[in-house]
Amino acid sequence: MVLVNEHYLKLAAGYLFPEIARRVAEYETSEPAAADRIIRCGIGDVTEPIVPAVVEAMHAAIDDLADRDTFRGYPPPTGYDFLRNSIAEHDYRARGIRIDDDEVFVSDGSKGDCGSLLEILGGGNRVAVSDPVYPVYVDTNVMAGNTKEALEEGGYDGLVTMEAREENGFVPKPPAEPVDLVYLCFPNNPTGSTIDHAGLREWVRWALEHEALVVYDAAYVNFIRDPELPRSIFEIEGADRCAIETRSFSKNGGFTGVRCGYTVVPKKLEGRTRDGRRVPLHGLWNRRWCTRSNGVSWPVQRGAHALYSPEGIEQTSMLIDHYMTNAAMLRGGCESMGLRVFGGTDAPYVWVRCPEGVDSWAMFDRLLRKAQIVTTPGAGFGRCGEGYFRISAFNSRANVEEVVNRMRAMV
Ligand code: MLT
């Protein structure tokens, strides 16, 4: 009989969002009259349509496929040159960051890339994640065998957790113990915190000194409003020798269903073999893509490319304004409940401290049962998330207005 990957059996609980969906479905069954009133602010899934410039480009690309002369078969596994060039030009070189087109790898999204990266890294790396954390970084390392068993108090034996709390502005410091691989996410999911240049420089300095790899998840970078904040880890000198950056078109382009993102792997970046030889990660990642995937489809890449057109930029900035106005309104709604609120100013997530003596899941239940609002319990993101909940700003204006009204009515 076939053997299974037993590391999967260590996974502590179901993935957070399906677990929330299960609890909401249970409530809908028990309270059918309330079901229609439910407003979902849990998972960060976009609600607004894809912008016209992108839709137009995707329609034209579909037409290409209907004609023998313009038909396209397999795409290049790592992305069409036109898209890699636009990404490198607009997201990096226009900001003075030296990234070559072929250091950009187009993919079906940063969530997948975060997990797949482990395929080119050796087993047994010591891994550090922040707490609270986007669960994908943890679970993919458990699946890869980089941890031991789940701990009763949360987390996994062998996984280093870096506490992100109110006291440090939800920005952890580099760990004191030796680590090979660390995940950073800014603007942060779930806390909505951001990191400044000085903070990021500290991380890069630490990573270079300890020869650690930083996976920098910048999926929410387009939501940064503060012009002083770094947009990329590669703004920091030396980061091209210690970091990989992942980005996504899911949230700024409305591509959560379409699927497209990218990962930047600099050519200078190296790992090592067990016998100490240094190996560039770029070649391994390229090889991984060429073997494992046929890339992202023509219509999707044409659509992603249109995000960088003048019309695409203007239209998506309006979309981002929409979600960030939602975030400001949700902050106000929570404050009107007398709660302490974080995030939501340079990130689409509002992170809220539960009332004294109420835990995350109890608050989730209270908001669901009393106001039919679905949030994400902070405890689902780790031990330090206990006592908080997250509200996603990805929603229609009408829904956000209704959420705020219901919150006010709960006071
Ligand atoms: C979230 O709600 O945390 C996001 O939707 C997760 C994701 O982008 O995969």
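**Notebook: sheet, cores and domain contact**

I started with the sheet: 4 strands make an open one, ordered β11-β12-β15-β14, with antiparallel pairing. Strands here are DSSP E runs of at least two residues, helices are H or I runs of at least four, both numbered from the N terminus, and two strands pair if DSSP finds at least two bridges between them. β11 (341-343) and β14 (376-377) are at the edges with a single partner strand each, so one side of each has no neighbour in the sheet. Between β12 (residues 349-353) and β15 (residues 388-392) I found 5 bridges, running antiparallel. W351 has R390 as its bridge partner in β15.

Ground rules, for the record. This is a predicted model, with local features needing pLDDT of at least 70 and side-chain atom pairs pLDDT 80 or more, while totals for chains, interfaces and linings use all residues. Residues are numbered from 1 along each chain as its sequence is written, and side-chain values use heavy atoms, leaving out hydrogens and water.

Next, the domains. The assignment (automatic or from a database) gives domain 1 (6-49 + 312-410) and domain 2 (55-309). Their C-alpha centres are 25 Å apart. The contact (heavy atoms within 4.5 Å) takes 37 residues from domain 1 and 50 residues from domain 2. I get about 3500 Å² buried between them, 59% of it from carbon and sulfur atoms; that area is the accessible area (1.4 Å probe) the two parts lose on being put together, summed over both. The rule finds 3 salt bridges across this interface, counting a side-chain nitrogen of Lys or Arg within 4 Å of a carboxyl oxygen of Asp or Glu.

Which residues touch the most other members of the largest nonpolar core? Among its 60 residues, they are I87, Y216, I233, F234 and F249. A core means buried Ala, Val, Leu, Ile, Met, Phe, Trp, Tyr and Cys residues joined through side-chain atoms within 4.5 Å. Helix α7 (residues 197-210) gives the largest share, 5 residues. Apart from it I noted another core of 27 residues, including I120 and Y183.

E211 and Q372 are not glycines, yet phi is positive, about 50° for E211 and about 55° for Q372. Buried or exposed? E211 is exposed at 56% relative accessibility, whereas Q372 is buried at 6% (buried is under 20%, exposed over 50%, partly exposed in between; 1.4 Å probe, protein chains only).
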